[in-house]
Amino acid sequence: QAIINVLKLFPAPDVASGVSGVSTQVGSNVATEHYALGRADYNLSNNDTLFFRSVTDKTEFTDPFGGGGFGGAGGGLQLWPEGDEQTAQFTTLQWRRIVSPTVVNAARLSFSRNATVAATTGSVPALQVFFPGAGRQDGQVTFAGQLAGLGGATQLPFNETQNRWTEGDDITWTKGAQTIKFGAAISRLQT
C-alpha cells in the first residue's frame, strides 16, 4: 500500500510519448524584498564628527519546484516547494577627530550579518512513512530512468549565519604636498 500511495503522487500525463507520458507542470516563483538604508552625520564640535550608517536587505523567495532530490534535480512536481529567507545587515559607526591642522584620526566600528534559512515548505502523507510524527521533511524516493524524484530537496533544511565585527583606526598626516595615511583594522568572523 505504501508503494501505491507514493506512485499516486505522479500526475496523469498530458502528452503521450511512446510507452511513457509527459506531464507539464507550471509554477510561479514568488519573491519579496524589503530594503532600508539609514544614515546620520553629527558634528559634536568643530573637531569631532560622528557618522552612522545602517543597511538592511531582507528577501523571501519560494521555488515551487524545490524538491525531487538535490536542488530539484529531476524534480518537477510542486509538492515540495523550497522557501528561502535571507537577511543582510551592515552597520558602521565612525568617529573622526581633527587632532591638528595636519593630523586627522578616524576610528570606526562595523558589524555585518548575512543569514540564510531554507526549508521544504510542503509535505505529503505518503512520504512521511520514513519519519512518522517526527515533524521532519518528507523522505525521498528516486527512480532509475526518466521519472522525476519525489520528496524534499536533499540539502534542505539549512541555516547559515555569518557575523563579522570589524574595528579600525586610521591616521592621516599631511606635511606640505605630502600625505601619509596609516592605520590598522581587526576583523572577527563568526559562522
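## Contacts along the chain

Residues 24 or more positions apart account for 59% of the contacts in the chain with a separation of 6 or more. Contact here means heavy atoms within 4.5 Å.

The model is predicted: local features need pLDDT of at least 70, side-chain atom pairs count only at pLDDT 80 or more, and totals for chains, interfaces and linings use all residues. Residues are numbered from 1 along each chain as its sequence is written, and side-chain values use heavy atoms, with hydrogens and water left out.

## Fold and dimensions

The chain has 1 helix and 8 strands. Both are DSSP runs numbered from the N terminus: helices are H or I with at least four residues, strands are E with at least two. In sequence order the pattern reads α-β-β-β-β-β-β-β-β. The radius of gyration is 27 Å, well over the 16 Å that the globule rule gives for 191 residues, so the chain is more spread out than a compact globule. That radius is taken over C-alpha atoms, and the rule is 2.2 Å times the number of residues to the power 0.38.

Along the principal axes, the C-alpha atoms fill a box of roughly 85 × 35 × 25 Å.

## Burial and surface

Of the 191 residues, 25% count as buried. Buried means under 20% relative accessible area, exposed over 50%, and partly exposed in between (1.4 Å probe, protein chains only). The chain exposes about 12,400 Å². Carbon and sulfur atoms supply 56% of that area. Areas come from the Shrake-Rupley method with a 1.4 Å probe; for residues, only the protein chains shown count as cover.

## The nonpolar core and W80

The largest nonpolar core has 11 residues, including V6, L9, F10, L77 and W80. Such a core is a set of buried Ala, Val, Leu, Ile, Met, Phe, Trp, Tyr and Cys residues joined through side-chain atoms within 4.5 Å.

W80 touches L9, V124, L127 and L150, among others.

T91 lies in strand β5, residues 82–100. Its relative accessible area is 24%, partly exposed. Beyond its neighbours within four places in sequence, T91 contacts F52, R53, S54, L109, S110 and F111. The C-alpha atoms of T91 and W165 are separated by 9.7 Å, at 74 residues apart along the chain.

Q140 sits in the loop between β6 (103–120) and β7 (158–175). At 34% relative accessibility, Q140 is partly exposed. The C-alpha atoms of Q140 and G66 are 13 Å apart.
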